[in-house]
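Welcome, and thanks for taking a look at this one with us.

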Amino acid sequence: MKNILAIETATNICSISLFLDGGFVETKDSAEPRSHAVKLPVFTDVLLKKYQCKVSDLDGIAVSVGPGSYTGLRIGMSLAKGLALSSDLPLLPVKTLFAMDMDIDENSPHWVCIHSHKNMVFSQKFHNHESVSEPLCIAVNDLDSSPIFGNQLQKHNSEITFTEVLPSSQNIGIFALKNATELVVKELQNVSPFYLTEFNINN
């Protein structure tokens with residue numbers, strides 16, 4: 001698997017990345033809130049046309065499956081399945097927090113978090129790029145003293161100390177290519193977003 005389109009919509013960030021011949025080509029992204037439904041298909045069309053690539057030229061569609069924003073994940077998954085169905089392509093579902101952890105250079109156990117609602121965060125603890133906890137939806141004040149990485153965590157707690165790490169479609173694609181054998185799903189009905197909690201308001 002060498003040619004893939006990667007989609008990241010778990011937060012306010014709407015992002016598409018193209019990989020050709022196993023290498024990263026380009027990303028189109030925006031952090032404008034609530035713009036995913038409009039921008040995502042436009043970014044996809046622009047990126048594919050720029051590199052004269054048809055959907056049928058792809059080997060698969062990688063998509064961030066969460067946890068994250070209910071609406072964002074639903075929009076990203078809808079596009080991913082639509083593209084996959086149009087050319088009989090497999091999906092490569094990638095867990096959002098695992099992809100974010102790729103950018104973190106930390107030798108000790110640490111938290112990777114995404115803002116959920118109010119003072120709650122989607123979080124998971126990692127060590128050496130391996131998960132050492134289950135994904136949780138937890139109050140940011142209830143995280144232990146391990147280093148914290150994530151985005152928008154100051155929205156409801158200005159005193160929290162964390163290192164900013166943003167969700168990235170480029171990381172979704174890199175993770176998918178590295179783990180393609182384990183991730184490939186041809187039965188699209190078996191892939192769905194991982195919401196973690198039924199109550200998730202991205203505000």
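## How to read the elements

Helices (H or I, at least four residues) and strands (E, at least two) are DSSP runs, numbered from the N terminus. This is a predicted model, in which local features need pLDDT of at least 70 and side-chain atom pairs count only at pLDDT 80 or more, while totals for chains, interfaces and linings use all residues. Residues are numbered from 1 along each chain as its sequence is written, and side-chain values use heavy atoms, with hydrogens and water left out.

## The chain as a whole

The protein chain has five helices and 11 strands. Its radius of gyration is 16 Å, close to the 17 Å that the globule rule gives for 203 residues, so the chain is as compact as a globular protein of that length. Here the radius is taken over C-alpha atoms, and the globule rule is 2.2 Å times the number of residues to the power 0.38. Along the principal axes, the C-alpha atoms fill a box of roughly 50 × 35 × 30 Å.

Of the 203 residues, 51% are buried; that word means under 20% relative accessible area, with exposed meaning over 50% and partly exposed in between (1.4 Å probe, protein chains only). The accessible surface of the chain comes to about 9700 Å², and 49% of this belongs to carbon and sulfur atoms. These areas come from the Shrake-Rupley method with a 1.4 Å probe, and for residues only the protein chains shown count as cover. As for contacts (heavy atoms within 4.5 Å), among those between residues at least 6 apart in sequence, 63% join residues at least 24 apart.

The chain carries 15 positive and 22 negative charges, and their mean positions are 8 Å apart. In this count Lys and Arg are positive and Asp and Glu negative, while His and the chain ends are not counted. The place of a charge is taken as NZ of Lys, CZ of Arg, CG of Asp or CD of Glu.

## Aromatic pairs

Rings of Phe, Tyr and Trp (its six-membered ring) pair if their centres lie within 6.5 Å; planes under 30 degrees apart count as stacked, over 60 as edge-to-face and the rest as tilted. The count by this rule is four aromatic pairs. One of them is edge-to-face and joins phenylalanine 19 to phenylalanine 24, at 5.6 Å centre to centre with 65 degrees between the planes. Phenylalanine 19 is buried, at 1% relative accessibility, whereas phenylalanine 24 is partly exposed at 38%.

Phenylalanine 98 and phenylalanine 175 also make an edge-to-face pair, with 6.4 Å between centres and 70 degrees between planes. Phenylalanine 98 lies in helix 3 (residues 96-101) and phenylalanine 175 in helix 4 (residues 169-178), so this pair ties together parts that are 77 residues apart in sequence. Both residues are buried. Ring pairs link Phe98 and Phe175 with Phe126 into a cluster.

Asparagine 151 sits in strand 10 (residues 148-151) and is buried, with a relative accessible area of 4%. Leaving aside residues up to four places away in sequence, asparagine 151 touches Thr11, Cys113, Ile114, His115, Phe162, Val165, Leu166 and Pro167.

Leucine 188 belongs to the segment after helix 5 (180-183) and is buried at 10% relative accessibility. The C-alpha atoms of leucine 188 and alanine 84 are separated by 8.2 Å, although the two are 104 residues apart along the chain. By contrast, valine 38 in helix 1 (residues 36-50) is exposed, with a relative accessible area of 61%.

## Backbone details in the loops

Where is the cis peptide bond? It joins glycine 66 and proline 67, with omega about 10 degrees. Proline 67 lies in the loop between strand 4 (60-64) and helix 2 (70-86).

Arginine 34 is not a glycine, yet has a positive phi of about 55 degrees. Its place is the loop between strand 3 (23-30) and helix 1, and arginine 34 is exposed at 70% relative accessibility. Histidine 129, also not a glycine, has a positive phi of about 65 degrees. Histidine 129 is found in the loop between strand 7 (120-127) and strand 8 (130-131), and is partly exposed, with a relative accessible area of 43%.
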